[in-house]
Amino acid sequence: MEAALRPVYRRLHTIWLRSSIRSKRDIASVAAAQHRLQDIYHQPPGKSLPVSLPPPQPSTVPPTQRLKDAKPFSHFLTDTFHRQHTYLRISVTERCNLRCTYCMPAAGVPLSPPAHLLTTPEIVYLSELFVGQGVRKIRLTGGEPTVRKDILPLMHEIGQLRSKGLKELCLTTNGISLHRKLDAMVDAGLTGVNLSLDTLDPYQFQIMTRRKGFDMVIKSLERILEMNRLGAGIRLKLNVVVMRGVNEHEIVPFVELGKDEDIEIRFIEYMPFDGNKWSQQKMLSYKEMVAIIREKHPGLCRQQEEGRSETSKTWQVPGFRGKIGFITSMTENFCGTCNRLRITADGNLKVCLFGNSEVSLRDLLRRENNGEPIDWAALEALTQVEMDRQQGVSGSTGPLGYGQRERDLLEVIGMAVKRKKERHAGMGQLENMKNRPMILIGG
């Protein structure tokens, strides 16, 4: 196993050493990359690169006045347990270039007809609607989001919502083709990447994903680290689904990746979804994972989570730059602080990852467009109807009826959120419940 890992460690270690390289040729190479990123961000040479979202400016308004002026959080996105949903995950495709065993059946899944999937204008419209109600973080998922042909224009459009309150635009990806699009994504406003990688062994990768591509994933990982060294500020997490008898022996090697790199390694308890042949015997619990790490690193200690709604339990090995997270959906759920909503690629709103209750936003969005997908021309007409309505222009009762449509969508969203349960089912129940395969949910 150590022999298989050496190339990975060597390549990551090379990146780490680049900051201390002294040869003129290598310095020139790094400098050229720095200038390319400076061009992307329109920064003069010598200045540090900002993250995609500019840092907030200190307010000159007194705290007491800010409290008086503060608007109450949207009741549409607040459930009956007072959870405020500020995080929206949008699946932008059902397609994927891998066939991970825990995500989908070996034969794949039936794909929705293209006309049933949300168009880019529809995704942008819904994103703006949710941001207007208080969503501050949007994550694009799939399938594999990078296989969507217009993923870059889509991200650019959503990135424009920063002016309306969006703070984070993130991506969950398998990394196969990320390295080719990463620079443009950062330019569009990308702030965080969750990279799925369940093994550091190229041969085991092919077994777990039923496809080749390990080198491409490592190339994407290298590119993120390289850009971060130049100041891109991409928050990087590695998602590792742990399965007993498959990859639990790689837990410590993954932890070692965070010794010199600012990476959060997130170990995920194996979860049941349609077609992934889940069994409790295959599931390695959070406490078992901690025990495995402590055998090598007895100083491992729990850290304070960054936010009240963080899904992962954060730990760190003393002296390591990186952190370790555990997603404990099966053994210690975090439902009490859940702030997430999901929209599937075919336009259904899911208020819980494990819930089988869904409501179609797509059908409501297209209702007065004869059920047809809304393209940019239709969206422009929709916007004009809204402008006319606000200005009180007579006769502006266009077929898309923006004002009424928005109200209807918010009512449906609000009712779905209000039906969200206090917690999802546990082991012994989840595996027997009907739910989509993970790939058709978007994680």
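Analyst: Start with one pair of side chains. Asn348 and Glu358 are joined through their side chains by a polar contact of 2.7 Å. Keep in mind that this is a predicted model.

Where does Asn348 sit? Its strand is β11, which covers residues 348–350. The relative accessible area of Asn348 is 14%. Buried means under 20%, so Asn348 counts as buried.

Strand β11 spans residues 348–350. Leu349 belongs to the largest nonpolar core, which has 98 residues. Leu349 is among the residues with the most contacts inside that core, together with Phe130, Ile138, Leu140 and Phe267. In soluble globular proteins, nonpolar side chains tend to be buried together.

Next, look at another strand, β4. Strand β4 runs over residues 192–196, and four of its five residues are buried. Strand β3, residues 168–173, runs parallel to β4, and four bridges join them. Thr172 has Asn194 as its bridge partner in β4. From β3 the chain passes through helix α6, residues 178–188, to reach β4. This β-α-β crossover is right-handed.

Strand β4 also pairs with β5, residues 235–242. That pairing is parallel and has five bridges. Here Val193 stands opposite Leu236 of β5.

Notes:
Residues numbered from 1 in each chain as written. Predicted model: local features only at pLDDT ≥ 70, side-chain atom pairs only at ≥ 80, totals over all residues. Heavy atoms only, no water. Helix = DSSP H or I, 4+ residues; strand = E, 2+ residues; numbered from the N terminus. Buried < 20%, exposed > 50% of the residue type's maximum accessible area, 1.4 Å probe, protein only. Polar contact = N/O pair within 3.5 Å; in protein donor to acceptor, adjacent residues only side chain to side chain. Core = buried A, V, L, I, M, F, W, Y, C linked by side-chain atoms within 4.5 Å. Pairing = 2+ DSSP bridges. Right-handed = clockwise from strand over helix to strand, strands pointing away.
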